[in-house]
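My entries follow in the order I made them.

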Amino acid sequence: MKFTEYLMRILTAVPYAFVIFLLGGSVLAPYLEHKRMEVSQVIYAILGNWCHQMPTRCFWIFGSPMGLCARCFSFYSSLLATGFFLLYKNTKKIFWKWGFLLLIPILIDGTCQLIGLWKSTNFIRAVTGLVGGIGIGLLVFPIYFRFIHFFEELRKARNIKRFTFFSSKLRQS
């Protein structure tokens with residue numbers, strides 16, 4: 001296998017590895033805090049870049065809040081599951097209608113909570129995060145797969161042109 005083929009496989013794995021890191025860190029941080037290990041604070045700080053981590057909006061495990069709030073944890077979990085499903089189905093079709101429709105609940109709940117119309121529960125946050133993650137996954141992963149496919153085709157075309165160019169030089173001599 002050539003270097004470029006390895007590179008394409010690595011590029012395909014990057015978003016999955018990132019989301020697995022977020023989800024794993026979200027569970028690992030409270031466990032390490034329960035064991036009184038200071039590295040838990042580093043994990044919480046890193047995850048704080050992707051989530052507000054308000055304790056009242058988090059699920060609690062090991063007597064501590066998870067590193068991601070209920071909405072973010074459900075969002076990233078369903079995003080990962082959607083990505084794996086689309087990878088398994090090997091589809092590059094972008095589901096525009098379904099993607100945007102599935103984002104409506106998270107937008108309504110988040111906006112209404114922000115302006116003070118109601119206060120969400122962690123269950124509602126988790127459900128809207130779950131649905132929103134599927135919606136974003138239906139939009140983002142097919143675009144990402146098309147991006148990877150484009151570079152794969154570009155690589156193949158470049159190799160064919162080199163071969164054709166090289167072969168035509170041989171024929172002329």
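I began with naming: helices (H or I, at least four residues) and strands (E, at least two) are DSSP runs, numbered from the N terminus. I placed Phe62 in the loop between S1 and strand S2 (64-65). Phe62 has a positive phi of about 55°, although it is not a glycine. I then checked its exposure, where buried means under 20% relative accessible area, exposed over 50%, and partly exposed in between (1.4 Å probe, protein chains only). At 42% relative accessibility, Phe62 counts as partly exposed.

**Ground rules.** This is a predicted model, in which local features need pLDDT of at least 70, side-chain atom pairs count only at pLDDT 80 or more, and totals for chains, interfaces and linings use all residues. Residues are numbered from 1 along each chain as its sequence is written, and side-chain values use heavy atoms, with hydrogens and water left out.

**Confidence.** I looked up pLDDT, the predictor's confidence in each residue, from 0 to 100. The protein chain averages 85, and 89% of the residues score at least 70. Confidence is highest in H3, at a mean of 93, and lowest in H5, at 77. Over residues 163-173 pLDDT stays under 50. Where pLDDT is low, the predicted coordinates should not be read in detail.

**Aromatic pairs.** I searched the whole structure and found eight aromatic pairs. Rings of Phe, Tyr and Trp (its six-membered ring) pair if their centres lie within 6.5 Å; planes under 30 degrees apart count as stacked, over 60 as edge-to-face and the rest as tilted. The rings of Tyr16 and Phe141 have centres 5.3 Å apart and planes at 25°, so I logged the pair as stacked. This pair links distant parts of the chain: Tyr16 sits in helix H1 (residues 3-34) and Phe141 in helix H5 (residues 122-172), 125 residues apart. Tyr16 is buried, with a relative accessible area of 4%. Phe141 is also buried, at 5%. Next I took Phe75 and Tyr76. Their ring centres are 5.5 Å apart and their planes are at 80°, so the pair is edge-to-face. Both Phe75 and Tyr76 are buried. I also noted one aromatic cluster, formed by Tyr16, Phe84, Phe141 and Phe145.

**Helix H3.** What span does helix H3 (residues 70-89) reach from its first C-alpha to its last? It reaches 28 Å with 20 residues, close to the 28 Å expected. The expected span is 1.5 Å times one less than the number of residues. Asn90 follows H3 and has a positive phi, near 55°.

I followed Phe75, which is in helix H3. Its relative accessible area is 18%, so I counted Phe75 as buried. Leaving aside neighbours within four places in sequence, Phe75 is in contact with Ile106, Gly129, Leu130, Gly132, Gly133 and Ile136. Phe75 and Val127 are 52 residues apart in sequence, yet 8.7 Å apart in space, C-alpha to C-alpha.

Leu86 is in helix H3 as well. Is Leu86 buried or exposed? Leu86 is buried, with a relative accessible area of 2%. Beyond four places in sequence, its contacts include Thr91, Phe95, Gly137, Phe141 and Phe145.

**Core.** A nonpolar core is a set of buried Ala, Val, Leu, Ile, Met, Phe, Trp, Tyr and Cys residues joined through side-chain atoms within 4.5 Å. Which members of the largest one touch the most other members? Of its 31 residues, they are Leu23, Leu68 and Tyr76. H1, helix H2 (39-47), H3, helix H4 (96-114) and H5 each give two or more residues to this core. Leaving aside neighbours within four places in sequence, I found Leu23 in contact with Leu68, Phe73, Tyr76, Ser77 and Leu80.

**Gln53.** My last stop was Gln53, in the loop between H2 and strand S1 (60-61). Gln53 has a positive phi of about 60° although it is not a glycine. Its side chain reaches the backbone oxygen of Gly67 at 2.8 Å. Beyond four places in sequence, Gln53 is in contact with Tyr44, Leu47, Gly48, Cys58 and Gly67.

Terms used
Contact = heavy atoms within 4.5 Å. Polar contact = N/O pair within 3.5 Å; in protein donor to acceptor, adjacent residues only side chain to side chain.
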